[in-house]
Amino acid sequence: MSRLQLALNVDDLDSAVMFYSALFGIAPAKRKPGYANFAVTEPPLKLVLLENPGRGGTINHLGVEVESSERVHAEIARLSEEGLITDEEIGATCCYATQDKVWVTGPGDEKWEIYTVLADSDTFGTGPKSSAHAAPTDEAKGCCGDARDIANACC
């Protein structure tokens with residue numbers, strides 16, 4: 001299983017959840033304070049909504065969800081062989097999930113992650129890095145604190 005991920009900044013999470021529930025005909029797969037995600041079957045999409053007032057309607061980051069840690073490690077090797085600079089986060093907790101992931105930056109400074117979810121988490125993020133999106137609570141500042149530092153985003 002692979003699917004594209006689109007992480008959007010939204011001004012109002014409740015109205016965004018209502019809209020995307022109607023658009024895709026499904027309820028969120030996960031809903032937490034300041035955060036929701038949808039696991040859309042058709043088209044295969046992981047839609048992540050990050051409440052980030054004042055930045056609504058903008059792309060937070062992009063990604064590809066893959067089926068295993070082995071696939072993430074294979075992508076790290078492949079991307080490195082292609083000469084791309086990678087930022088690896090193995091066992092990182094972010095967006096209420098523990099994940100293995102690798103980040104690359106596109107030519108327009110767009111951030112892409114290739115990741116797999118290892119387990120659900122009760123916390124938004126506890127890693128040492130800041131990220132692409134604002135944290136819904138102070139507890140998350142370690143992993144997902146500064147909306148301007150998108151080089152180390154997580155979701």
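# Note on the predicted model: charges, sheet and local backbone

1. Arginine 71 counts as partly exposed because its relative accessibility is 30%, where partly exposed is the range between buried, under 20% relative accessible area, and exposed, over 50%, computed with a 1.4 Å probe on protein chains only. The side chain of arginine 71 meets that of glutamate 67 in a salt bridge at 3.5 Å, N to O, the term being used for a side-chain nitrogen of Lys or Arg within 4 Å of a carboxyl oxygen of Asp or Glu. Glutamate 67 is likewise partly exposed, with a relative accessible area of 43%, and a network of salt bridges links Glu67, Arg71, Glu75 and Arg78.

2. The model is a predicted one, in which local features need pLDDT of at least 70 and side-chain atom pairs count only at pLDDT 80 or more, while totals for chains, interfaces and linings use all residues. Residues are numbered from 1 along each chain as its sequence is written, and side-chain values use heavy atoms, with hydrogens and water left out.

3. The protein chain contains three helices and eight strands, arranged from the N terminus as β-α-β-β-β-β-α-β-β-β-α; helices are DSSP runs of H or I with at least four residues, strands are runs of E with at least two, and both are numbered from the N terminus. Of its 155 residues, 48% count as buried. Among contacts (heavy atoms within 4.5 Å) between residues at least 6 apart in sequence, 53% join residues at least 24 apart.

4. The eight strands form an open sheet of mixed pairing in the order 2-3-4-1-5-8-7-6, two strands being paired if DSSP finds at least two bridges between them. Strand 2 (30-32) and strand 6 (87-94) stand at the edges with a single partner strand each, so one side of each has no neighbour in the sheet. On average, and ignoring direction, neighbouring strands are turned by 20° against each other, with axes fitted as lines to C-alpha atoms, for helices over the stretch in contact, and angles running from 0 to 180 degrees between N-to-C directions.

5. Glutamate 65 is buried, with a relative accessible area of 6%, and arginine 3 is buried at 16%. The salt bridge between the side chains of glutamate 65 and lysine 46 is 3.5 Å, N to O, and lysine 46 lies in strand 4, so the pair ties together parts 19 residues apart in sequence.

6. Aspartate 100, in strand 7 (residues 97-105), calls for separate comment, since it is buried yet has no salt bridge, the nearest side chain of opposite charge being that of lysine 101, 9.3 Å away; here Lys and Arg count as positive and Asp and Glu as negative, while His and the chain ends are not counted. The side chain of aspartate 100 does reach the backbone nitrogen of glycine 91 at 2.7 Å, within the polar-contact limit of 3.5 Å for a pair of N or O atoms, of which, within protein, one must be able to donate a hydrogen and the other to accept it, and residues adjacent in sequence count only if both atoms are side-chain atoms.

7. Some backbone features remain to be checked. The peptide bond from glutamate 42 to proline 43 is cis, with omega near 0°, and proline 43 lies in the loop between strand 3 and strand 4. Tyrosine 96 has a positive phi of about 60° although it is not a glycine, and it is buried, with a relative accessible area of 5%. Aspartate 109, also not a glycine, has a positive phi of about 70° and counts as partly exposed at 47% relative accessibility.
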